[in-house]
Protein chains: 2
Amino acid sequence: MIIAALQFQPAFLDVDANLSTLASYLESVDADLVVLPELCTSGYFFRDAEQLAAVAEDADGPSLRLFREIAAERNMAIVAGFAERDGAAIYNAAATVFPEGRVEIYRKVHLFAEEKRLFTPGDRGFPVITWGDRLRLGVMICYDWRFPEAARTLALRGAQVIAHPSNLVAAPRLWKPVMRTRSFENKVFTITANRNGEERRDDERLVFHGCSQIVAPNGTFLEEVDELYEGWLTAQIEPSKADEKAFSPWNDIMADRRPEAYEL
Amino acid sequence: MIIAALQFQPAFLDVDANLSTLASYLESVDADLVVLPELCTSGYFFRDAEQLAAVAEDADGPSLRLFREIAAERNMAIVAGFAERDGAAIYNAAATVFPEGRVEIYRKVHLFAEEKRLFTPGDRGFPVITWGDRLRLGVMICYDWRFPEAARTLALRGAQVIAHPSNLVAAPRLWKPVMRTRSFENKVFTITANRNGEERRDDERLVFHGCSQIVAPNGTFLEEVDELYEGWLTAQIEPSKADEKAFSPWNDIMADRRPEAYEL
């Protein structure tokens, strides 16, 4: 299976421009599973709820319609961060769109900074998405990296690959080794698709640091790029490698767990 | 508060020699809290239960008597890994010995490799040890590093400093960034006191890689040494720094947790 992550700079508040850019990128990649950044259709640094509301859409909106078309046409699964409207609530969400038209949505559980005044916290936990017998996929978004419970919960539920759409403003020297730890401590693949570039709002500036990466269950960096890179990272993987939780005849990182000794 | 970790090579099966070496090291360090490696009184690579039984002792044995004497004389707390006998059971344990004579024992929860045929798994979970108003201390041993739940449980129970006596055979490029993650994701100090040197048993050889380290709650390496270093690592810390779980007006790594979304 070929997996890929896109690193690029969305145009702030310009969904049409972003869908055009994304369509072009998606036409140019040969992969089975692709991961686009958090809020890749809209940008991130919203001034207020009105600005966010103007770009939020539901699963029948133009963004997911486009991703469904491309997923079917190119026969690939697409994980894409977007602002999801559901009634009065808006979630920082990531849709997984399959070639056959199925859509599964993850709603960000851990909200970062001003997201707390803009978005409703995810209310569906960390579901694992099964793609026939091809893949068991987990999704976490950006700041979920700080919480070992996010990736752990997905791994305990059988995820082989964790897609991690991101708009990380934290220093890569902090989050990169931690996301490697998430792969290593759970023996899963992780795909961090982090946007780059900057956004301005009045006299404030937010810088996103790129440095996207794909990490194997043994902690190996399969692919990593620098902050300024624009385009795809790809890696060929065998998802079932993530089912091997034993690392010796004596030890298995899941079987060795002692939940009765843990506090939640 | 001055904290310190000892990196050295114990003499395999020779408790008297190790106590003599440790007494000499302990007389030479000025610290409030010192951490000695896992099984520092006996070495590690036991052939069988008889070999282990010959070096196991209870809290009134010669090792803990010596540590109590030195702790009182030098006015410091000592965390020391040893083989603890309790009736028919032998635990891979770490005693925390206080100047006033109090002893608290942690029994290794996650057993590594052949420890499973030699030791009884820890049956008391991950208690946090309170030292008056000076310190709240957690202890985990060696392979506990692989499980995010170990350090997380200690941090949730209020640990400011996690002592991590070790006999790590894993590559430092694997465990060092993960232990840094344990500090960073919980905002606690971690002190890994890892032995070095090797032990032989028939035609088998086990190599321990040293590379002990002390990490701050923000992920900074306060002190780290190479594989061959023998002696103390020290750092001056303010334990209450570990009580600051917020990193901005918006976010607090503990308050932001969403346990209802986690699987244990």
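Me: Which residue stands opposite A:Ala4 in strand 14 of chain A?

Reply: In this predicted model, the residue facing A:Ala4 in strand 14 of chain A is A:Thr234.

Me: What makes strand 1 and strand 14 of chain A paired strands?

Reply: Pairing requires at least two bridges between two strands. Strand 1 (residues 2–7) of chain A is joined to strand 14 by six bridges, and the two run antiparallel. Six bridges meet the requirement of at least two, so the strands count as a pair.

Me: Why are strand 5 and strand 14 of chain A said to stand at the edges?

Reply: The sheet in chain A is open and has six strands in the order 5-4-3-2-1-14, with mixed pairing. Strand 5 (103–107) and strand 14 (231–236) each have a single partner strand, so one side of each lacks a neighbour in the sheet. Between neighbouring strands of this sheet the average turn is 30°, with direction ignored.

Me: Which strands of the sheet does helix 1 of chain A touch?

Reply: Helix 1 (residues 15–27) of chain A packs on the sheet and touches strand 1, strand 2 (33–35), strand 3 (77–86) and strand 14. Its direction makes about 35° with that of strand 14 of chain A.

Me: Which strands does helix 3 of chain A lie across?

Reply: Helix 3 (residues 62–74) of chain A lies across strand 3, strand 4 (89–97) and strand 5, and runs at about 165° to strand 3 of chain A.

Me: Why is the pair B:Glu185 and A:Arg182 called a salt bridge?

Reply: The cut-off is 4 Å between a side-chain nitrogen of Lys or Arg and a carboxyl oxygen of Asp or Glu. In this pair the closest N and O atoms are 2.7 Å apart, which is within 4 Å, so the pair qualifies as a salt bridge. Across the interface of chain B and chain A, 10 salt bridges are found, and 30 residue pairs are in polar contact.

Me: Which helix of chain B gives the most to the side that touches chain A?

Reply: Helix 6 of chain B gives the most, with nine residues. Helix 4 (115–118), helix 5 (148–156) and helix 6 (172–186) of chain B each supply at least two residues to that side.

Me: How many residues of the side of chain B that touches chain A are nonpolar, polar and charged?

Reply: That side divides into 22 nonpolar, seven polar and 17 charged residues. The contact takes 46 residues from each of chain A and chain B. About 4400 Å² is buried between the two chains, with carbon and sulfur atoms giving 56%. In chain B, the residues losing the most area to chain A are B:Arg146, B:Trp250 and B:Leu264, together 17% of what that side buries.

Definitions and conventions
Residues numbered from 1 in each chain as written. Chains lettered and ligands numbered in written order. Predicted model: local features only at pLDDT ≥ 70, side-chain atom pairs only at ≥ 80, totals over all residues. Heavy atoms only, no water. Helix = DSSP H or I, 4+ residues; strand = E, 2+ residues; numbered from the N terminus. Axes fitted to C-alpha atoms, helices over the stretch in contact; angles between N-to-C directions. Contact = heavy atoms within 4.5 Å. Buried area = accessible area lost by both parts, 1.4 Å probe. Polar contact = N/O pair within 3.5 Å; in protein donor to acceptor, adjacent residues only side chain to side chain. Nonpolar A, V, L, I, M, F, W, Y, C, P; charged D, E, K, R; others polar.
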